[in-house]
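User: I want to go through some charged side chains in this one. Can you take my questions as they come?

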Amino acid sequence: DRSIQENGEQKIEKQIEEYDNLSFFLFFFICSFSQKYPPVKFLSEKDRKRILITGGAGFVGSHLTDKLMMDGHEVTVVDNFFTGRKRNVEHWIGHENFELINHDVVEPLYIEVDQIYHLASPASPPNYMYNPIKTLKTNTIGTLNMLGLAKRVGARLLLASTSEVYGDPEVHPQNEDYWGHVNPIGPRACYDEGKRVAETMCYAYMKQEGVEVRVARIFNTFGPRMHMNDGRVVSNFILQALQGEALTVYGSGSQTRAFQYVSDLVNGLVALMNSNVSSPVNLGNPEEHTILEFARLIKHLVGSGGEITFLSEAQDDPQRRKPDIKKAKMMLGWEPVVPLEEGLNKTIHYFSKELEYQANNQYIPKPKPARIKKGRTRHN
Ligand SMILES: O=c1ccn([C@@H]2O[C@H](COP(=O)(O)OP(=O)(O)O[C@H]3OC[C@@H](O)[C@H](O)[C@H]3O)[C@@H](O)[C@H]2O)c(=O)[nH]1
């Protein structure tokens, strides 16, 4: 009797085991088909960091979010959606490692994090000139708030600074030791001086409070997820070429810029954050072209027959800009790897899809010209 009973129990146990195996396989089978997020690495508790990205729904911020999420970290994106868009990060919404907070950094923020990438600020000249007071508040009060947060929770903060701290430079190419040539009362000052004082704040918090800071001086960057209304040269030229309109060159077009593709920048930001370099580091692609050359190249890549028109020069427009990236190469082992044409083709593809999307949604915004509009009602 006993052996019959034992036999029966063994059979039941075996059946349960088989059922468990089956449901285990079924679970993975269903998961692999219903997977709705990009693949995310598994990181142990020790290696996984809680990372805050201010401006994380913006152009650069959203690509940084993708990288840090896919590397397996817990990412909190804070954005006030002035220039950022939910669409840029919507593919992460609901993921257990991801959180999106609609918040303006001008107000204090109380969360627990290990690292802060402080990117929040309008970055395109027409956007940052649109509401200079807000740009100043974001870069000054916003940066103070984030440094205060870093101090309270012992987090390391990386500031997204800019090549604009060099102003209209008198040395060429620009290295990190150059102090810059900025007009403190010109139309670009809200951004240039805002970023310069943001850098000053970082080093004051480092010296006085021991906060770990990293400062990236970001040179011109382009790529998918730039806003249609961004107003910077690459998105303007691509949109104009795609729509068969004339490409608008401000001034003679002899002013120069050097453009990096966004994935190169994101790799540089992560390398800098995790390095021991606390002094400012230039991140940019040193391949320099005139704006007229850019216009011709984009026209050629899009295959557009549109004209090139010359409009009046923008005030205080930097005439020559090119990063010296020796420091990033030596200290971070970083340099850009994406060729200009490859990056431009990816961006052209993105904007043609955006135009289709907008056409289906009955709204096609025109690129904004870099003009300051007076007498508008604005919210500070
Ligand atoms: O339609 C356009 C737009 C811009 N331009 C010109 O193209 C050049 C580049 O202009 P952008 O607006 O793209 O960018 P800028 O280099 O002036 O500023 C940028 O600098 C570095 C970053 O920090 C910022 O993203 C941004 O401030 C300027 O000389 C501008 O006058 C045109 O000729 N036509």
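User: Is E199 buried or exposed?
Analyst: This is a predicted model. In it, E199 is buried, with a relative accessible area of 7%.

User: Which residue does E199 form a salt bridge with?
Analyst: The partner is R217, and the closest N and O atoms are 2.7 Å apart. E199 sits in helix α5 and R217 in strand β6 (residues 213-218), so the pair links distant parts of the chain, 18 residues apart.

User: And R217, buried or exposed?
Analyst: R217 is buried, because its relative accessible area of 8% falls under the 20% limit.

User: Take R188 and E164. What is the N to O distance there?
Analyst: Their side chains meet in a salt bridge at 3.0 Å, N to O. R188 and E164 are both in the loop between β5 (156-162) and α5 (189-209), 24 residues apart.

User: Are those two buried or exposed?
Analyst: R188 is buried, and E164 is buried as well.

User: How many salt bridges does the count come to?
Analyst: The count comes to 24 salt bridges. One of them pairs R87 with E354, with the closest N and O atoms 2.7 Å apart.

User: Where do R87 and E354 lie?
Analyst: R87 lies in the loop between β2 (74-79) and β3 (98-102), while E354 is in helix α10 (residues 340-360). The pair therefore ties together parts that are 267 residues apart in sequence.

User: What is the relative accessible area of E354? And of R87?
Analyst: E354 has 4% and is buried. R87 has 31%, so R87 counts as partly exposed, between the 20% and 50% limits.

User: Changing topic to a histidine. Where is H73?
Analyst: H73 is in the loop between α2 (59-70) and β2. H73 is buried, at a relative accessible area of 12%.

User: What does the side chain of H73 reach?
Analyst: The H73 side chain reaches the backbone nitrogen of K49, at 3.0 Å.

User: Leaving aside neighbours within four places in sequence, which residues is H73 in contact with?
Analyst: With those neighbours left aside, H73 is in contact with L43, D47, R48, K49, I51, L68 and N97.

Note on methods
Residues are numbered from 1 along each chain as its sequence is written. This is a predicted model: local features need pLDDT of at least 70, side-chain atom pairs count only at pLDDT 80 or more; totals for chains, interfaces and linings use all residues. Side-chain values use heavy atoms; hydrogens and water are left out. A salt bridge is a side-chain nitrogen of Lys or Arg within 4 Å of a carboxyl oxygen of Asp or Glu. Helices (H or I, at least four residues) and strands (E, at least two) are DSSP runs, numbered from the N terminus. Buried means under 20% relative accessible area, exposed over 50%, partly exposed in between (1.4 Å probe, protein chains only). A polar contact is a pair of N or O atoms within 3.5 Å; within protein, one must be able to donate a hydrogen and the other to accept it, and residues adjacent in sequence count only if both atoms are side-chain atoms. Contact means heavy atoms within 4.5 Å.
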